[in-house]
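Dear colleague,

My notes on it follow.

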Amino acid sequence: MRAVGSPIVTAACYCQSCRTAGEIFAALPGASPVLNGDGSTDFVLFRKDRINCVRGADQLHEHRLAPTSKTRRVVATCCNTPMFLEFTGGHWLTLYRNRLEEEARPPVQMRVMTRDRRPGVTIADDLPSYAGHSGKFMLKLIGAWAAMAFRSPDIDYVKGALDGHGT
């Protein structure tokens, strides 16, 4: 994946869905982990029109936690590497931060969905932390959408599910 321009926002997500997906992906043979030690997942959100798949598109397959889920996580099946997630119909792609080259990884700006963190996890006070998605987070998404003239491009290079749910 190649991202052009500045990201919309960079966040560590503590939601149950991200933890569940991270555990599923970690169990795949040869998979790179996406979960941090505290159960969070670091993401970098980019406008869809600023992301390109430069190679391996034929290896990208979706995974949904449930058949009706509006969120699809995309895995490169050649190496079982989770690449990004997409909220169907959204105007942004959420890249797993550790999929960007180390020198291109922007720092995490905030923690979101901390109300869903694992029991016993203490949140450090070095970043803004929000129980859900903060107003700042949502305003950044809306601002990016306005800059795109309220378009939501399709991502058409991802293949269907690996099985009924993509697992």
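This is a predicted model: local features need pLDDT of at least 70, side-chain atom pairs count only at pLDDT 80 or more; totals for chains, interfaces and linings use all residues.

Which residues does Arg111 touch, not counting residues up to four places away in sequence? Arg111 touches Ala12, Tyr14, Ile123, Ala124, Asp126, Leu127, Pro128, Ser129 and Tyr130, where contact means heavy atoms within 4.5 Å.

Residues are numbered from 1 along each chain as its sequence is written, and side-chain values use heavy atoms, with hydrogens and water left out.

Arg111 and strand β9

Arg111 lies in strand β9; helices (H or I, at least four residues) and strands (E, at least two) are DSSP runs, numbered from the N terminus. With a relative accessible area of 9%, Arg111 is buried. Here buried means under 20% relative accessible area, exposed over 50%, and partly exposed in between (1.4 Å probe, protein chains only). The side chains of Arg111 and Tyr14 are joined by a polar contact of 3.4 Å. A polar contact is a pair of N or O atoms within 3.5 Å; within protein, one must be able to donate a hydrogen and the other to accept it, and residues adjacent in sequence count only if both atoms are side-chain atoms.

β2 is largely enclosed by the rest of the structure, because five of its five residues are buried. Val9, Ala11 and Cys13 are buried on one side, and Thr10 and Ala12 on the other. In a regular strand the side chains alternate between the two faces of the sheet. β2 runs antiparallel to β3, to which five bridges join it, and Val9 stands opposite Leu45 in β3. With β9, β2 runs parallel over three bridges; there Ala11 stands opposite Met110. Two strands count as paired if DSSP finds at least two bridges between them.

The nonpolar cores

A nonpolar core is a set of buried Ala, Val, Leu, Ile, Met, Phe, Trp, Tyr and Cys residues joined through side-chain atoms within 4.5 Å. The largest has 21 residues, and those with the most contacts inside it are Ile8, Cys13, Phe43, Leu45, Val112 and Phe137. At least two residues of this core come from each of β2 (9-13), α1 (16-26), β3 (41-47), β8 (92-96), β9 (110-112) and α2 (135-147). A second, separate core of 14 residues includes Leu60, Met83, Phe84 and Leu93. Cys13 touches Cys18, Gly39, Ser40, Thr41, Phe43, Val112 and Met113, not counting residues up to four places away in sequence.

Helix α2

α2 has 13 residues and reaches 18 Å from its first C-alpha to its last, close to the 18 Å expected at 1.5 Å a residue; the expected span is 1.5 Å times one less than the number of residues. Phe137, Leu141 and Ala144 are buried in α2. Seen down the axis of α2, the buried residues fall within an arc of 65°, so they line one face of the helix; the arc is that of the directions from the helix axis to the C-beta atoms. These buried residues pack against β2, β3, β8 and β9. The face turned away from the buried side carries the exposed residues Leu139 and Ala147.

Six of the six residues of β6 (residues 71-76) are buried. Thr71, Arg73 and Val75 lie on one side, and Arg72, Val74 and Ala76 on the other. β6 pairs with β5 (residues 60-63) in the antiparallel sense over four bridges, and Val74 is the bridge partner of Glu62. β6 also pairs antiparallel with β7 (residues 81-87), over six bridges, with Thr71 opposite Phe87. β6 and β7 form a hairpin with four residues between them, and Asn80 in the turn has a positive phi of about 55°.

Loops and backbone angles

Met113, in the loop between β9 and α2, has a positive phi of about 60° although it is not a glycine. Just after α2, Ala149 takes a positive phi of about 60°. Phe150 also has a positive phi of about 60° and is placed in the loop between α2 and β10 (159-161). Pro153 is found in the loop between α2 and β10; Pro153 and Arg47 are 106 residues apart in sequence and 9.2 Å apart in space, C-alpha to C-alpha.

With kind regards
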